[in-house]
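Here are my notes on the model, as numbered points. Please keep the structure open while you read.

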Amino acid sequence: MERSQSAGGIVVGPDNKILLVKQSGNFLSYSLPKGHIEPGEDPLETAIREVFEEGGISQLEFVKSLGLYDRPNIYNPTETKTIFMFLFRTEQVELTSQDPDKDTQPFWATVERVKNLLTHPKDKEFYCSNLKEIRNFLPN
């Protein structure tokens, strides 16, 4: 079995919405922004890079680490990914994918809608396990 490492983030934006990425590659999927850790990068650097590449967010404030989890790669079930996740905040409203090679569309979704849209069950499980943390972070 192949193993890889990825990193990404839960980005809380304006109106307390969460950044999601719609991917139309081999099949339609919804995920939090994340991607493979490149040689020489640490997980936080990767997460910041991936949020920029997939969402175009350059004004990003790191809040905290949310830990990590393992799951099969959605495109290659023989590969297991370890995914490091971080919580971020931004006031940036406009989203634009920065990677012309990927068919991705970033958008803002409500905290509740995210859990219904996430495609991979392990992504959904991780997100839901952090809902209390996310909600505690949101202003009242």
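1. What radius of gyration would a compact globule with 140 residues have, and what does the protein have? The globule value is near 14 Å, and the protein has 14 Å, so the two agree. The radius is taken over C-alpha atoms, and the globule rule is 2.2 Å times the number of residues to the power 0.38. Along the principal axes, the C-alpha trace spans about 45 × 30 × 30 Å.

2. A caution on the source. This is a predicted model: local features need pLDDT of at least 70, side-chain atom pairs count only at pLDDT 80 or more, and totals for chains, interfaces and linings use all residues. Residues are numbered from 1 along each chain as its sequence is written, and side-chain values use heavy atoms, leaving out hydrogens and water.

3. The protein has 4 helices and 7 strands. Their order along the sequence is β-β-β-β-α-β-β-β-α-α-α. Helices (H or I, at least four residues) and strands (E, at least two) are DSSP runs, numbered from the N terminus.

4. Of the 140 residues, 49% count as buried. Buried means under 20% relative accessible area, exposed over 50%, and partly exposed in between (1.4 Å probe, protein chains only).

5. Now one residue. Val63 sits in strand 5 (residues 61-72). Its relative accessible area is 27%, so Val63 is partly exposed. Leaving aside residues up to four places away in sequence, Val63 touches Leu87, Phe88, Arg89 and Phe137. Contact means heavy atoms within 4.5 Å. Val63 and Phe88 are 25 residues apart in sequence, yet 5.1 Å apart in space, C-alpha to C-alpha.
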